[in-house]
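Hello,

Here is the structure for you to take over. Please open it first, then read the notes below.

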Amino acid sequence: MRLLGIETSCDDTAAAVVVDGRTALSNVLASQDEFHREYGGIVPEIASRKHAETLNFVIRHALAAAGCSLRDLDGIAVTCGPGLPGSLVVGVAAAQALAWSLDLPVYAVNHLHGHLFANYLAPAGAEPVQPPQAPFVCLVVSGGHTDLIHVEAPDRHRVIGRTVDDAAGEAFDKVARLLGLGFPGGPAIDRLARQGNPHAFDFPRGLAGDGSFNFSFSGLKTAVRYFLDAHPEARVDRAADVAASFQAAVVDALCEKTIGAARRLGLRGIALAGGVAANAALRRELRDRAASYGIAVHMPALAYCTDNAAMIAAAAYYRGDRARVRPDDLRVDPNFAW
Ligand SMILES: Nc1ncnc2c1ncn2[C@@H]1O[C@H](COP(=O)(O)OP(=O)(O)OP(=O)(O)O)[C@@H](O)[C@H]1O
Ligand SMILES: [Mg+2]
């Protein structure tokens, strides 16, 4: 089953062709970073306009890279939410037009399901990945979410924890801004932290040991801010140590709660997903710490961590009829819940 995936929920315009939810024949992405950078964050109006300008080109490119045409497709998968309404509507309108004109089935995909199913993807020509075996715990950690999910079956999900304030990716972006590292901040902190000492400063681990599976990152972000206000010189001569110590606090909190959930629920597998899953320290720490409890950790290849359309096609394949809608009924759902 060959699905065209379309993703425009935030600031990346993406299209991909995926076979049987596992093999990405193509995965094309047009980043808007350069248009948002000067504002230090995503400007919704700019994002939706850029999607409208770029999406047709990105879809054509995804088909060409996959070596197929619109006639070879078996369906269209599109992100309907959660996300920015003005951004979502561009992808949904394109999917609807394609489904109508080609008489193809259409799948309304939850962006967060997409992040989870990124764990099932490999590029064409590569060894297929061994997907996590349900039941397992999935940590979806991105720019807008930090959700802990009990995946009881591939298409049965139960939210067992989430952030009570900022998402981890948001904290990365805000702390990067405090350090003058630009946008998006996650990759910049990841790089800078490699030269720093993660034990240099003791920043707080929100909600540590509270017995819940929830997270909190706003206190950590504020602690970094107060620290930099009190020690302005640290922005210059200790930036790498601040980045590494901040990152260590985030990684510690994420690992503690995720491994704690897997242990308490008696689950032998953990899957990582979302943009922050690209973080090198998180990937290493989660794998190492979980291994000491005999828990296997699955994580997507880097290209499938941050927003992409291959994960949307994968989610549509695995959700099947539960995601399928009549093209006339396709709607954006900015608050689409798990
Ligand atoms: N290497 C990295 N280390 C830490 N954070 C990272 C890294 N790479 C990306 N990020 C962060 O991931 C986030 C983007 O992830 P993603 O594209 O999944 O989020 P989003 O789609 O904006 O949000 P959501 O999926 O919740 O709607 C940003 O906050 C970015 O800073
Ligand atoms: Mg995302």
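**Ligand 1 and its surroundings**

In this predicted model, an oxygen atom of ligand 1 is 2.7 Å from an N or O atom in the side chain of D173. That is a polar contact (a pair of N or O atoms within 3.5 Å). A polar side-chain atom of D190 lies 2.9 Å from a nitrogen atom of ligand 1. The backbone takes part too: a polar atom of G275 is 3.1 Å from an oxygen atom of ligand 1. Taken alone, ligand 1 exposes 640 Å², and the protein buries 89% of that (Shrake-Rupley method, 1.4 Å probe).

The shell around ligand 1 has 19 residues (a heavy atom within 4 Å). Among the closest are S142, H145 and D307. The shell divides into five nonpolar, 11 polar and three charged residues, with Gly counted as polar and Asp, Glu, Lys and Arg as charged. Helices α4 (111–117), α5 (168–178) and α6 (185–193) each supply at least two of the shell residues (DSSP runs of H or I, at least four residues; strands are E, at least two).

**Backbone points**

Two peptide bonds are worth a look. The bond from G81 to P82 is cis, with omega near -10°. P82 lies in the loop between β4 (75–81) and α3 (85–102). A cis bond also joins F183 and P184, with omega about -5°. P184 lies in the loop between α5 and α6.

**Conventions**

Residues are numbered from 1 along each chain as written, with chains lettered from A and ligands numbered from 1 in written order. Local features need pLDDT of at least 70, side-chain atom pairs count only at pLDDT 80 or more, totals for chains, interfaces and linings use all residues, and side-chain values use heavy atoms, without hydrogens and water.

Best wishes

Key. Polar contact = N/O pair within 3.5 Å; in protein donor to acceptor, adjacent residues only side chain to side chain.
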